[in-house]
Amino acid sequence: MGKTIRLTMAQAVAHFLKVQMTIVDGKKVPIFGGVWAIFGHGNVAGIGEALYQVRGELTTYRAHNEQGMAHAAIAYAKANFRTRFMACTSSIGPGALNMVTAAGVAHVNRIPVLFLPGDVFANRAPDPVLQQIEDFGDGTVSANDAFRSVSRYFDRITRPEQIITALKRAMQVLTDPLDCGPVTLSLCQDVQAEAYDYPESLFDEKVWTTRRPQPDADELANAIALIKASQKPVIVAGGGVLYSQATKELAAFAEAHGVPVVVTQAGKSAINETHPLALGSVGVTGTSAANAIAEETDLVIAVGTRCQDFTTGSWALFKNDSLKMIGLNIAAYDAVKHDSHPLVTDAREGLKALSAGLSGWKAPAALAEKATAEKKVWMEAAAKAMATTNAALPSDAQVIGAVARTLGGENTTVLCAAGGLPGELHKLWPATAPGSYHMEYGFSCMGYEVAGGLGIKMAEPDRDVIVMVGDGSYMMMNSELATSVMLGLKLNIVVLDNRGYGCINRLQMETGGANFNNLLKDSYHEVMPEIDFRAHAESMGAIAVKVASIAELEQAIADSKKNDRTSVFVIDTDPLVTTEAGGHWWDVAVPEVSPREQVKEARKGYIEARAAQRIG
């Protein structure tokens, strides 16, 4: 059997995590960047004591909210292009359930994070314990079963030896480019404290490297033939390009073969947007240049994207009757969407193989000429949208322009998650380096922003991190602002206050709805809330300022460069103004029957737009 070491199950977890390694830039480093923990009765005596014993080798970070710490862990993994990640532990009950939303974020975006929630007693002796949810029809259910639908792998540990196989399976999922996503190991609290004679080999150092599946010969030959037969191909670059670290190969392919590149939310920054063939964002929040090319394309080369509805304009963007699609993706599930011709492979290896097979072939020159002309028109429109202004209530685009002018650049990462800002940033932010744009838009989770910024700063401490967040998302979750101050990790947080949920209010209006329950003024109230975001940020230790104009914002950001801790900039904005240029229809169902004429008119427009959808 070999040598053994007697440890509690929780100790086995801690000792295992600290010896998992990976290679980054030629150097061997721990694959776990640390553990986030909020302790309670379900984990403090077990996991808490175990983490204390390894604190010099595996850092434990304290957060203020379980969902927030999990968002930070997700952003850390995303900023590391999934090469490194973190674990999160909580007590049972509310602490665990607070992490379920974050698990959804990780699952949708396919980001690795290890959840270690405490669970009820496996021996059931003290049932029901504090915070235990009792299912009247199933004695095996606990609150942690909520993780099942948002975990790539789930296991409940009811005996100490079960952790041996569970940890190995967890690592396989966390490091697998196909199955990558959140893992939940639900740790019964009595079992955490139980001892077992574990094989010493379990704690041998193990180095994990990126698996890069090669393309199938037949699929590759078919893809090459399709590209050679095309007249107006376009590459839709998704997050898979970044996770594969295939940005150089993407640019080289575009240059060698004269194929324009458009990007999804997850794929933005996969190509330097100053590149002549980089046309920016595509789809619902797309640039006019990208969408003009996409509408006419006869071949979409979808690289590392799951073709979400914002990317495809709810499958109404691509209007060429002769359209074909190549799904270059590590996941066959994504590679065959909408009758795509699959090329199941790693993005980097797939692009290299395609380019080699296309040696000497180039798309017709007219395609690049059209791309150049359309990009010129777009850049003029974008510059106009982001130009400085003296307006009392500037637009989101004008705020973005101010931030880009004063703190943009290759060493800056801008982050956002939900509301109208993601659309404006997708169109307008000048992303020039991989990872300089960080958007959580797979789940569009309000509250991700501040905590996510913290995770990026932990992954890239030398980068300037800009968090752009609306007042609605800020109010949902802001507690990790205090954590950033506590950890000495400086963030630049721009709070755009439009006094409510401005994005959804605009969508409500576009679908014929009345202004109702989105902006604060249109919600039921006895007194209008006057929220002092500057004072709130200061109360959590940040340096904060409220500015009255774009010029004041630019000056405040410039002055903040000397600040030694997180800086917050608050500015009032117009809830109704958005960039008119670019964009595309999005399928949001309008009521078929309504007493209101505005809804009836919106329904007519909806039916007309739906006629352009490619079904199936």
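Tutor: A disulfide here is a pair of cysteine sulfur atoms within 2.5 Å. With that cut-off, a search of the whole structure turns up zero disulfides. Cys88, for one, is in no disulfide, as its nearest cysteine sulfur, in Cys445, is 14 Å away.

Tutor: Some ground rules: this is a predicted model, where local features need pLDDT of at least 70, side-chain atom pairs count only at pLDDT 80 or more, and totals for chains, interfaces and linings use all residues. Residues are numbered from 1 along each chain as its sequence is written, and side-chain values use heavy atoms, leaving out hydrogens and water.

Student: What makes Cys88 count as buried, and why is Cys503 called partly exposed?

Tutor: Buried means under 20% relative accessible area, exposed over 50%, and partly exposed in between (1.4 Å probe, protein chains only). Cys88 has 0% relative accessibility, so it's buried. Cys503 has 26%, so it's partly exposed.

Student: Why does Ile456 count as buried?

Tutor: Ile456 has 1% relative accessibility, so it falls under the 20% cut-off.

Student: Which residues does Ile456 touch, not counting those up to four places away in sequence?

Tutor: Contact means heavy atoms within 4.5 Å. By that test, Ile456 touches Ala75, Tyr76, Ala79, Thr413, Leu415, His438 and Val465.
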